[in-house]
Amino acid sequence: MSAMVYDKTDKGREEISTRKHQLASRLRTLLVMIDGRHSLDDLLRNFAGVGVTEDSVKELLHEGYIYLASGSEPEPAAGPPSKLPMSARARQIARRAAGVEGAHQEADLPEDSPVPAPVPVPVPRAPSAPVQSPQALAESQLDDATRFRHLYDFYNQTIKSTIGLRGIMLQLKVEKCGNVDDFRALRLQYLEAVLKAKGSEMARSLRGRLDELLGGPPEHDDFTLP
């Protein structure tokens, strides 16, 4: 059985961005780290110390904050057989996947009715603003909301790609940022973490991109490269 990998649903991304559903801190920490790349085994192994368990994952799944992106769930224990014959059940699932209403009527179809091929339904994802080049950013006028979204995506994407699971505390600080000034205050700690993890060349490159997103470097820059 392949490793189970979960990713956030629209509801999960909304909770990360707005805290609309007031998710418990323990579950929010786990939700932040579920990104469609790390397997369930990795998450449980690395974050058991902060109270993350398999039950925590099941709770997020049950509440609709995450979905199984790849792999397969363990086979359920044997129970009473379904009231629907297998062929009718397959037709029911296929029609639901195709978005056809009245799928509950499928049990009345003849056994030899053809099974329609399921139409792939793309999982909607929250729009993620790509990090633009410095030239493109310099030529554009970003309002506060747009700039905030650019910074949020930049921090999350680059922390995951350069620091990985060791950057969990930094990612939690990103989640607490409520405006551009909060992101600006996080700049020094972020750059020092990148420098430690990937060296001066990566830190120099990301510093330039981050400063463009922030609207320019700080007047007094405390971050120095070796």
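Analyst: Leaving aside neighbours within four places in sequence, Thr9 is in contact with Gly64, Tyr65, Ile66 and Tyr67. This is a predicted model. Thr9 sits in the loop between strand S1 (5-8) and helix H1 (10-18). Thr9 counts as buried because its relative accessibility is 16%, and the cut-off for buried is under 20%.

Now the other threonine. Thr29 belongs to helix H2, which covers residues 25-33. Thr29 has a relative accessible area of 14%, so Thr29 is buried too. Residues up to four places away in sequence aside, Thr29 touches Ile168 and Leu172. Another pairing spans the chain: Thr29 and Gln171 are 142 residues apart in sequence. In space, their C-alpha atoms are 9.3 Å apart.

Next, the pocket. Thr29 is one of the residues that line the second largest pocket. That pocket holds about 160 Å³ of space. Two elements, H2 and helix H8 (168-176), each give two or more residues to its lining. H8 gives the most, with five residues. Leu172, a contact of Thr29, is also in the lining. Others there include Arg19, Ser25, Arg28, Val32 and Met169. Lys173, Glu175 and Lys176 line the pocket as well.

What classes of residue make up the lining of the second largest pocket? Five are charged, three are nonpolar and two are polar. Ser25 and Thr29 are in the lining, and both count as polar.

Key. Residues numbered from 1 in each chain as written. Predicted model: local features only at pLDDT ≥ 70, side-chain atom pairs only at ≥ 80, totals over all residues. Heavy atoms only, no water. Helix = DSSP H or I, 4+ residues; strand = E, 2+ residues; numbered from the N terminus. Buried < 20%, exposed > 50% of the residue type's maximum accessible area, 1.4 Å probe, protein only. Contact = heavy atoms within 4.5 Å. 1 Å grid on protein atoms, 1.4 Å probe; cavity = no way out; pocket = protein on both sides within 12 Å on 5 of 7 lines; lining within 4 Å. Points joined across faces, edges and corners; volume = space filled by probe spheres on them.
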